[in-house]
Amino acid sequence: KSSFFVDGPGGIGKTFLYFTLIAKLRSKGQIVKATTSSGDFCQVLPVVQKGIKIQMIHACIIKYHLWSIIKVLHLQQNM
């Protein structure tokens, strides 16, 4: 089992990459779960109502207990 986090600016080819990887893995009989976000981190960061700074930091994705096993891919060149 593997988990990947892909980021990059708009138009870089993320959607093409997702569809290609998903199709390839599913053709091999593997189960694929894909999730996406809008890229607007104001919309995807967790909300800690009346939280202090340290509570907000601990709620962010890099503090998620599975983050250490996620492979982060930063796309930089347009395909």
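These are my notebook entries on a predicted model of one protein chain.

**Ground rules.** I number residues from 1 along each chain as its sequence is written.

**Overall layout.** I looked up the secondary structure and found 3 helices and 2 strands, where helices are DSSP runs of H or I of at least four residues and strands are runs of E of at least two, numbered from the N terminus. Along the sequence the pattern reads β-α-α-α-β.

**Surface and burial.** The accessible surface is about 7100 Å², and carbon and sulfur atoms hold 59% of it (Shrake-Rupley method, 1.4 Å probe). Of the 79 residues, 14% are buried (under 20% relative accessible area; exposed is over 50%, with a 1.4 Å probe and protein chains only).

**Contacts.** I then checked contacts (heavy atoms within 4.5 Å). Of those between residues at least 6 apart in sequence, 62% join residues at least 24 apart.

**Helix α1.** This helix runs over residues 14-27, and its 14 residues reach 20 Å from first C-alpha to last, close to the 20 Å expected (1.5 Å times one less than the number of residues). Which residues of α1 are buried? I found Lys 14, Leu 17 and Ile 22. After α1 comes Gly 29, with a positive phi near 80 degrees.

Terms used
Predicted model: local features only at pLDDT ≥ 70, side-chain atom pairs only at ≥ 80, totals over all residues. Heavy atoms only, no water.
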